[in-house]
Amino acid sequence: TTIAVGDVTAVSFARNFQSLPVSLIGIAFSIAAFPALSAAAADGDRARFVSLVRVNAITIAALASAAAIGVFVLGGFAIRLFLGGGEFGEDDIERTTMVLTAFAIAIPFESLVYLLSRAIFATRHTLFQAIASVAGIGITMAATLLLVDTLDLLALPIGFAIGQAAKTAMLAAVLGWRLRVWPATSPRAGSSA
């Protein structure tokens, strides 16, 4: 990279801290919801499917937003507690805290990505998740490159947050489209008519 010495470490450590609430909230809730989403889709029960997506999305968004605020407020304390000392000095703690604070913006978006992807998988479609992932990476890279001259190191987590927000929006749009064409694509919709 062309960034300063220690910046890669700061990004790596900050990303590790940021991914904890995503795993505990976004991934856990999405995995737990997937069997019910799949069953509702297989049964052609659009109302139940929409209700499951809505309840889980609201829960994930609320908890992940609270976690993002917690990371924003307490991230520096956690970094100091778990990483501070020895060769990881005050400058390293401050740099990593700054990066983690910016990464916190992505927590709600990244958490929702897991639910939206699984909801689309439940409708028996896999292509759009791959397209959204590739597009999200492209947007992350473009945003980071556009911001790096202005924000320096913070361009990485801010670019990541922009990419995750874009990916969330793309997946939400695809899921909305899948729900609009539900009768035509539902595996058992025709048998219940």
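My entries follow, beginning with the ground rules and moving on to the helix pairs.

**Ground rules.** I am working with a predicted model, in which local features need pLDDT of at least 70 and side-chain atom pairs count only at pLDDT 80 or more, while totals for chains, interfaces and linings use all residues. Residues are numbered from 1 along each chain as its sequence is written, and side-chain values use heavy atoms, with hydrogens and water left out.

**Overall layout.** I counted eight helices and zero strands, where helices (H or I, at least four residues) and strands (E, at least two) are DSSP runs numbered from the N terminus. The C-alpha trace spans about 70 × 30 × 20 Å along its principal axes.

**Helix 2 by itself.** I looked up the ends of helix 2, which has 38 residues, and found its end C-alpha atoms only 48 Å apart, short of the 56 Å that a straight helix would reach at 1.5 Å a residue; the expected span is 1.5 Å times one less than the number of residues. I then found a bend of about 60 degrees at Leu 74 in helix 2, the bend being the angle between axes fitted to the seven residues ending there and the seven starting there. Just after helix 2, I noted that Gly 85 takes a positive phi of about 115 degrees.

**Helix 2 with helix 3.** Two packed helices are described by the angle between their axes and the distance between the axes. For helix 2 (residues 46-83) and helix 3 (residues 90-103), I read that the axes come within 9 Å and cross at roughly 150 degrees; axes are lines fitted to C-alpha atoms, for helices over the stretch in contact, and angles run from 0 to 180 degrees between N-to-C directions. Helix 2 and helix 3 are therefore roughly antiparallel (angles under 35 degrees count as roughly parallel, over 145 as roughly antiparallel, 65 to 115 as roughly perpendicular and the rest as oblique). Among the residues that meet here, I listed Val 71 and Ile 79 of helix 2, and Ile 93 and Leu 100 of helix 3, contact meaning heavy atoms within 4.5 Å.

**Helix 3 with helix 6.** I found helix 3 and helix 6 (residues 155-180) packed at an angle of about 15 degrees, with their axes 8 Å apart, and the two are therefore roughly parallel. Val 99, Ala 102 and Phe 103 of helix 3 make this contact with Pro 157, Ile 158 and Phe 160 of helix 6.

**Helix 1 with helix 3.** I read an angle of about 45 degrees and an axis distance of 8 Å for helix 1 (residues 7-43) and helix 3, which makes helix 1 oblique to helix 3. The residues in contact include Phe 13 and Phe 17 of helix 1, and Val 99 and Phe 103 of helix 3.
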